[in-house]
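Here is a set of questions and answers on one protein structure. Please look through the chain before reading on.

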Amino acid sequence: AAIPSILKQHGSPDARMTVGKVDVQPNFPHTVAGEVCFSVNIRDNDEQCMQAMDDAFATMAAEVAARHGLELSVDRRLGKLAPVRLDPRLRAVLEGEARALFKEQPGR
């Protein structure tokens with residue numbers, strides 16, 4: 001519930017937050033994880049929105065960790081990429097292909 005709230009409060013209509021990778025240790029069924037590392041991808045067309053979402057997510061993660069007595073460390077070595085608008089011509093081609101594929105699906 002927190003992620004949709006962050007998107008709604010701080011992102012544009014094109015904003016997205018996704019989990020890119022999850023590494024659980026030990027990675028074994030029926031065992032409570034002792035450590036979990038994950039990456040979060042934050043995307044938006046507006047750099048200020050991206051920063052606001054990043055800040056809100058970091059605050060929320062710290063609050064959740066503190067509430068549950070967990071240790072939290074944040075590694076930003078992967079860095080941030082500035083937003084880049086998709087070329088309008090390429091966007092039009094992709095939208096057209098997506099619409100064509102959608103129409104080809106049975107039951108539609």
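Predicted model: local features only at pLDDT ≥ 70, side-chain atom pairs only at ≥ 80, totals over all residues.

## Pocket, charges and backbone

Q: What volume does the largest pocket have?
A: A pocket, on a 1 Å grid over the protein atoms alone, is an open set of points where a 1.4 Å probe fits, with protein on both sides within 12 Å along at least five of seven lines. Grid points are joined across faces, edges and corners, and the volume is the space filled by probe spheres set on them. For the largest pocket that volume is about 1,700 Å³.

Q: Which lining residues are closest to the centre of the largest pocket?
A: Lining residues have an atom within 4 Å of a point. The largest pocket has 42 of them. The closest to its centre are F38, S39, V40, F57 and D75.

Q: Which element gives the largest share of the lining of the largest pocket?
A: Helices (H or I, at least four residues) and strands (E, at least two) are DSSP runs, numbered from the N terminus. Those that give two or more residues to this lining are β1 (16-25), β2 and α2. The largest share is ten residues, and it comes from α2.

Q: How many salt bridges does a search of the whole structure find?
A: A salt bridge is a side-chain nitrogen of Lys or Arg within 4 Å of a carboxyl oxygen of Asp or Glu. One of them pairs R91 with E95, with the closest N and O atoms 3.1 Å apart. Searching the whole structure gives a total of four.

Q: Which residues are linked with D54 in a network of salt bridges?
A: D54 bridges R76, with the closest N and O atoms 2.7 Å apart. D54 lies in helix α2 and R76 in the loop between α2 and α3 (88-104), so this pair ties together parts 22 residues apart in sequence. D54 also bridges K80, where the closest N and O atoms are 3.9 Å apart. The network therefore links D54 with R76 and K80.

Q: Is D54 buried or exposed?
A: Buried means under 20% relative accessible area, exposed over 50%, and partly exposed in between (1.4 Å probe, protein chains only). D54 has a relative accessible area of 14%, so D54 is buried.

Q: Which side chain of opposite charge is nearest to D44?
A: D44 lies in the loop between β2 (35-43) and α2 (47-67). Lys and Arg count as positive and Asp and Glu as negative; His and the chain ends are not counted. D44 is buried yet has no salt bridge. At 6.8 Å away, the nearest side chain of opposite charge is R85.

Q: Which backbone nitrogen lies 2.8 Å from a polar atom of the D44 side chain?
A: Contact means heavy atoms within 4.5 Å. Not counting residues up to four places away in sequence, D44 touches G11, S12, A15, C49, M50, M53 and P83. The backbone nitrogen of D46 lies 3.0 Å from a polar atom of the D44 side chain. The one at 2.8 Å belongs to S12.

Q: How far apart in space are V36 and Q105, C-alpha to C-alpha?
A: V36 is in strand β2. V36 touches V22, D23 and V24, not counting residues up to four places away in sequence. V36 and Q105 are 69 residues apart in sequence, and their distance in space is 38 Å.

Q: Which peptide bond is cis, with omega near -10 degrees?
A: P26 lies in the loop between β1 and β2. The cis bond runs from Q25 to P26.

Q: What value is phi of H30 near?
A: H30 lies in the loop between β1 and β2. H30 counts as exposed, at 87% relative accessibility. Its phi is positive, in a residue other than glycine, and is near 65 degrees.

How values were computed:
Residues numbered from 1 in each chain as written. Heavy atoms only, no water. Polar contact = N/O pair within 3.5 Å; in protein donor to acceptor, adjacent residues only side chain to side chain.
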